[in-house]
2 protein chains.
Amino acid sequence: MGALRRRLTRSGIPGLLVTQLADLRYLSGFTGSSAALTVTRRQARLFTDGRYKIQAAEEVGVAQVEIVSAPPATAAVQWLAAQRGVDFACYDPASTYVADLTRSKAALPSGLRRRFLSPLPAPIVQTLRLQKDADELAAMSEAALLGCKLFDYVLGIIRPGLPEIGLAAELEHKARLLGAEAMSFETIVASGARSALPHGRASRSPLPRRGFLTLDFGIIHKGYCSDMTRTVHLGKPNACERAAYEAVLEAQQAAVAAVSSGASCGDVDEAARGVLRKAGLAEAFSHSTGHGVGLEIHEPPRIGAGQKTHLREGMVITIEPGIYLAGQFGIRIEDMVAVTTNGARTLTPAPRALIEL
Amino acid sequence: MGALRRRLTRSGIPGLLVTQLADLRYLSGFTGSSAALTVTRRQARLFTDGRYKIQAAEEVGVAQVEIVSAPPATAAVQWLAAQRGVDFACYDPASTYVADLTRSKAALPSGLRRRFLSPLPAPIVQTLRLQKDADELAAMSEAALLGCKLFDYVLGIIRPGLPEIGLAAELEHKARLLGAEAMSFETIVASGARSALPHGRASRSPLPRRGFLTLDFGIIHKGYCSDMTRTVHLGKPNACERAAYEAVLEAQQAAVAAVSSGASCGDVDEAARGVLRKAGLAEAFSHSTGHGVGLEIHEPPRIGAGQKTHLREGMVITIEPGIYLAGQFGIRIEDMVAVTTNGARTLTPAPRALIEL
């Protein structure tokens with residue numbers, strides 16, 4: 001909250017409205033599903049509804065809590081407009097729906113409707129969230145290690161005939177038993193030709209006797225997401241499959257090696273893309289190399305072609321090149337890494353060499 | 001798509017931009033996580049990125065698919081602006097972020113920026129989604145019955161000392177094994193004094209030897225959400241606890257009995273609220289009586305105090321009054337019901353009388 005106030009002061013912003021839930025949690029600790037937070041130079045106030053009365057009182061220390069029956073954002077905007085010295089307030093246009101903005105404006109005194117609410121000229125809470133502090137890095141490392149344990153566990157139960165969805169069930173059950181709060185996204189289990197679907201949800205298809213199997217999954221621990229992918233092979237891979245796997249692994253390792261504070265996201269992407277281009281697989285690599293991760297599974301920065309953002313210490317990103325050959329197979333290898341001044345610190349130390357099962 | 005086109009024609013809207021994912025799925029069958037759909041009098045086109053090339057081709061029959069590297073909504077708006085006879089297009093202000101709208105406008109030819117995109121005067125796809133057709137009702141009934149099976153299953157494993165999170169793990173594992181695509185929201189397992197948290201996520205707390213236990217959970221089946229709550233009692237309830245339970249059950253049954261096509265949502269809410277008011281528990285009932293459910297876990301209408309919306313045949317709503325006494329206990333009973341001309345058809349026939357374990 002101190003860092004936020006310094007930025008607000010520096011930007012000459014007297015009042016801020018925060019409605020994005022991960023931003024809210026980051027600033028206030030509140031984990032409920034509906035609230036709005038206001039921050040001025042002197043005060044902070046969290047508006048939520050009656051369902052969260054007890055929970056908000058327990059979780060929120062940095063702001064006063066007010067239980068409202070109106071939409072929280074509307075109540076928050078009215079409160080901001082009533083504060084002395086707050087002649088305008090900013091909202092985040094990237095997480096504010098047009099209709100909510102219209103409704104908040106309509107709730108203001110008529111003289112304020114046109115000018116009181118202003119879009120933030122640049123993200124502010126999201127920018128604070130980019131660089132994780134020591135506590136956040138510790139939580140994310142724990143989350144990532146829990147993910148590695150899960151991978152190790154499922155290696156023991158993969159067998160031809162098991163439905164993809166059964167494998168997902170075992171993985172998610174184990175995650176819960178190991179203390180995960182939830183999965184961070186829908187578990188991807190894609191086997192055989194289905195591994196060519198980059199986002200192949202676990203289906204009823206049985207695992208084949210021969211073929212690739214891609215597992216992409218993550219858990220939530222202390223609010224923070226983990227994310228990792230491994231592709232293993234059931235049965236013996238042929239020379240072509242093995243070569244493709246080696247190319248993806250080389251691309252992944254090249255991108256990890258390109259990570260350091262100061263490197264541009266586009267350069268990290270190019271490190272992976274260049275390897276796959278040389279292997280004749282440029283077309284088959286149909287997505288970005290990675291993305292930021294934290295309280296949300298997808299956060300900035302995007303590690304994509306031409307992205308000019310520079311990595312900074314404390315950022316946590318994924319490095320996950322993949323190739324997808326429709327009707328044949330797909331391969332993706334993904335690690336979560338923390339950016340340090342000395343390069344990447346890998347948070348997901350599960351084996352990457354091709355595993356044959 | 002036919003019903004949508006008729007409404008667009010009637011409203012004089014030549015082009016529609018759809019970006020909300022549940023709306024997209026409803027109209028096109030596409031289940032990916034990033035896309036935009038355009039609908040004009042003659043054409044429909046779905047824009048998505050390279051990750052979904054194969055999946056979109058498989059899932060989408062009613063629209064042409066275009067793979068784009070720009071943000072899908074931007075590409076969609078540019079396409080709309082290039083169509084003959086489309087002199088403006090509408091977007092849904094309730095699901096469009098201010099920043100996305102700004103970016104889409106900026107991508108238009110300068111002469112069109114100010115006037116080409118217009119907010120829908122009233123929800124259109126969401127309105128179509130309110131009343132479920134026979135296929136949707138069948139899927140939702142299956143989803144709800146799967147939820148009942150899960151409740152029956154967990155009754156057999158509830159025992160003092162089991163952590164709430166362990167119970168959630170067993171429930172979610174069983175859900176997967178029974179074929180659920182995912183849980184429809186974070187499973188609520190709240191025992192003892194924690195049952196007074198309306199949204200008490202499963203914690204590490206062990207189930208007590210004596211006290212209420214609230215289970216609120218749902219699964220996704222064929223894309224549709226189920227939602228149900230039961231509160232059981234570990235050990236013998238005292239007279240006060242028993243009376244409170246009976247009051248909530250009476251309130252819940254009164255609200256279910258008030259459901260029929262033509263009834264107002266406010267009247268259904270009042271049916272529950274009136275019972276609890278008479279029991280001296282008005283203050284303890286701190287939320288609405290229910291909400292619509294479908295492809296999303298929370299959909300319109302809201303069954304809340306003073307809501308003037310009238311129920312219509314085919315709507316599926318929850319009826320879930322509850323009371324929360326901080327530091328003591330909470331009780332909530334929730335069914336999912338389909339609105340018919342003859343009243344409510346309950347989709348969740350699990351027992352409601354107080355179960356003592």
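1. In chain B, helix α7 (residues 134–155) lies across strands β9 and β12, and its direction runs at about 15° to β12(B); helices (H or I, at least four residues) and strands (E, at least two) are DSSP runs, numbered from the N terminus, and angles, from 0 to 180 degrees, are taken between the N-to-C directions of axes fitted to C-alpha atoms, for helices over the stretch in contact. Helix α8 (residues 164–177) of chain B also packs on the sheet, where α8(B) touches β8 and β9 and makes about 145° with the direction of β8(B), contact being heavy atoms within 4.5 Å.

2. A word on the basis of these values: this is a predicted model, in which local features need pLDDT of at least 70 and side-chain atom pairs count only at pLDDT 80 or more, while totals for chains, interfaces and linings use all residues. Side-chain values use heavy atoms, with hydrogens and water left out, residues are numbered from 1 along each chain as its sequence is written, and chains are lettered from A and ligands numbered from 1 in the order in which they are written.

3. The sheet itself is open, with three strands of chain B in the order β8-β9-β12 and antiparallel pairing; two strands pair if DSSP finds at least two bridges between them. Its edge strands, each pairing on one side only, are β8 (188–191) and β12 (228–234) of chain B. Between β9 (residues 211–217) and β12 of chain B there are seven bridges, and B:G211 has B:L234 in β12(B) as its bridge partner.

4. Helix α4 (residues 72–81) of chain A contains A:T74, which counts as buried because its relative accessibility is 8%; buried means under 20% relative accessible area, exposed over 50% and partly exposed in between (1.4 Å probe, protein chains only). Not counting residues up to four places away in sequence, A:T74 touches A:R103, A:S104 and A:A107.
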